[in-house]
Amino acid sequence: MNQDIAFYSYLTPEQQDLLNRSMQTATYRKGQMVHRHGDVCVGMIFVRKGRLAFSALSEEGREVTIFRADPGQTCILSAACVFRVIETESHITAEVNTEVAILPAMILSQLMNQNPDVERIVYKQATMQYSEALKTLQQIVFFSLEKRLAMFLRDEKVRQKSLVFSVTHEQIARCIGSSREVVTRMLKQFSDRGIVSLGRGTVTVLNPDALEDILL
């Protein structure tokens, strides 16, 4: 429902009508590219089902997932062209089968120009997502791999609301700034220590307290 969008209630009836008429829906398969830096600006993406991952790429081709959007969340970084501040190579992909609603960049820009509450909320969301991206990059620079993996597993347990969750070693590697091979070795060490149990495409957290101990 469009009413779930954070600034919807601040719109005038005419602006709500414009938004409702302009919103587009799209579905993406797991692993499908949603948007790539340099493509035509997609606008604001609101996740209905599934999960999106916003990743940055280095000149050497190294990929790091710096932000993820779950159902009910907005990927405002997809509208970075409206702010004209992101110049780094980046892309957005669907981590799982995903359904989204898209507000075209031109309409978002129009609403921001017409309504100061929309501008305030959009910039607040953008600031939060930029801050989360910066936090991810700081972790990669300053935290050990063991701590980054423990933090990811702790946060993923909360995100998926379960001690058992589906995730690939490649996805973990992109989120913590490592390689799949290194993540596989570290997960094996966690398994040998009784912290996790590994399945085919799943991880089970057996000892949440041990994760917290690593992060102390």
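Me: Which residue in β5 is the bridge partner of Phe54?
Reply: Phe67 is the partner. This is a predicted model: local features need pLDDT of at least 70, side-chain atom pairs need 80 or more, and totals for chains, interfaces and linings use all residues. Residues are numbered from 1 along each chain as its sequence is written, and side-chain values use heavy atoms, without hydrogens and water.

Me: How many bridges join β4 and β5?
Reply: They pair over 6 bridges, in the antiparallel sense. Strands are DSSP runs of E, at least two residues; helices are runs of H or I, at least four; both are numbered from the N terminus. Two strands pair if DSSP finds at least two bridges between them.

Me: What order do the strands of the open sheet have?
Reply: The order is β2-β7-β4-β5, 4 strands with antiparallel pairing. β2 and β5 are the edge strands, each pairing on one side only.

Me: Switching to His35. Where is it?
Reply: His35 is in strand β2, residues 33-36.

Me: Is His35 buried or exposed?
Reply: Buried, with a relative accessible area of 14%. Buried means under 20%, exposed over 50%, partly exposed in between (1.4 Å probe, protein chains only).

Me: What does His35 touch?
Reply: Leaving out residues up to four places away in sequence, His35 touches Val40, Cys41, Val42, His91 and Ile92. Contact means heavy atoms within 4.5 Å.

Me: And how far is His35 from Leu111 in space?
Reply: They are 22 Å apart, C-alpha to C-alpha, and 76 residues apart in sequence.
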